[in-house]
Amino acid sequence: MTVSVDSTTSATANQPTPAATPTPGSAGGSGGGSTLDSVPGAAAAAPAPTPLDQALRPHAEHAFAAELAALAAQDDRPRPRRWKLSPWAVATYLLGGTLPDGTVITPKYVGPRRIVEVAVTTLATDRALLLLGVPGTAKTWVSEHLAAAVSGDSTLLVQGTAGTPEEAIRYGWNYAQLLAHGPSRDALVPSPVMRAMAEGMTARVEELTRIPADVQDTLITILSEKTLPIPELGQEVQAVRGFNLIATANDRDRGVNDLSSALRRRFNTVVLPLPASADAEVDIVSRRVDQIGRSLDLPTGPEGIDEIRRVVTVFRELRDGVTTDGRTKVKSPSGTLSTAEAISVVTNGLALAAHFGDGVLRPADVAAGILGAVVRDPAADRVIWQEYLEAVVRERDGWKDFYRACREVSA
């Protein structure tokens, strides 16, 4: 027996993503698609959703609902079955641009356009997408926005850890129902991947290489046969058109749980690089800090751009092992010093400036955060940091106040 879902009409699939909070029982609030009742064992009701103006971090489809709706309204290009936007509009949503009516779409990813185009077109095929890169290259951020733009729902997520069980990818059981009535559709608890298959949505698996190898291989049948067997019921869930899967993996996790060759073949791998230039990285950090700052009611403004540039410069020089001018070689610490960590350092600095300063980001506000990011190994990294301070920061014009602040927290 096959458990499947009737396809939604193309008219429904082409409607703009609503900005309202999802109603209980809907598939994460996305417009179109089938309800959870069509998935075996899905609950008929869900807890009351958090109002969007109270959510600490709204999902991408809610935070950028106006942009998604504007794109959908003006998107006249062909859309794959059950996609909310055409591949061109999805790429525009991620990379930014100005629509014919003057609507400005803010960039969600700053990087090579071709990378985004390859990722989007992969999702339009029957190949799954693997976003690979070092920590802090926006893999999770890109996967969330891809799912939001394609399916209108970025919440069908499996978070990979060393303890992720097979049930998180396949399905589990409501043991009260199982003990009382035996295996049945009512007792089955669908995973996010099963829901995505049944509803023609995009599922996400974060940190795939953190998941044990035997659990990883659960995906092989799903990705190759587009089928999830339920042997306890003598049934299966077949993926309907529109289903695909985005996984992320960390370059630094190689050797933890490497993907089998059989599983790797099921993915089209896209490598997300570090920002190519300091200006690009400063732009990324500034944009994300501004977004986070507004959500936390922290002051943001042009006054802090000098400190952002300093943080980015320090991270890039220590990461690359050479100063920006190429004249001085420096040792690299054990940490990754990623763009994501730079965002965290600056955001924490803004909080210090807001609550214990005059609201303007200054060197003293970011110094402690930089120290914490650089010195991960108290013995080796502290020596590297001290050498960098004395050989590079101390001699740099206009950095005296930054040098003093770093020396103070490093003492």
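User: Are Trp-399 and Phe-402 buried or exposed?

Analyst: This is a predicted model, in which local features need pLDDT of at least 70 and side-chain atom pairs count only at pLDDT 80 or more, while totals for chains, interfaces and linings use all residues. Residues are numbered from 1 along each chain as its sequence is written, and side-chain values use heavy atoms, with hydrogens and water left out. Taking buried as under 20% relative accessible area, exposed as over 50% and partly exposed as in between (1.4 Å probe, protein chains only), both Trp-399 and Phe-402 are buried.

User: How many aromatic pairs does the structure hold?

Analyst: Rings of Phe, Tyr and Trp (its six-membered ring) pair if their centres lie within 6.5 Å, and planes under 30 degrees apart count as stacked, over 60 as edge-to-face and the rest as tilted. On that basis, the aromatic pairs in the structure number four.

User: Why is the pair of Tyr-171 and Trp-173 classed as it is, and what is that class?

Analyst: Tyr-171 is buried at a relative accessible area of 3%, and Trp-173 is buried at 15%. Their ring centres are 5.8 Å apart and their planes stand at 90°, so the pair is edge-to-face.

User: Which residue lies over the face of Trp-141?

Analyst: A charge sits over a ring if NZ of Lys or CZ of Arg is within 6 Å of the ring centre and within 35 degrees of the ring normal. At 4.1 Å from the ring centre of Trp-141, the residue over its face is Arg-288.

User: How far apart are the C-alpha atoms of Leu-245 and Ala-203?

Analyst: Leu-245, found in strand S11 (residues 244–250), is buried with a relative accessible area of 0%. Not counting residues up to four places away in sequence, Leu-245 touches residues including Val-193, Ala-203 and Phe-267, where contact means heavy atoms within 4.5 Å. Although Leu-245 and Ala-203 are 42 residues apart along the chain, their C-alpha atoms are separated by 4.8 Å.

Methods:
Helices (H or I, at least four residues) and strands (E, at least two) are DSSP runs, numbered from the N terminus.
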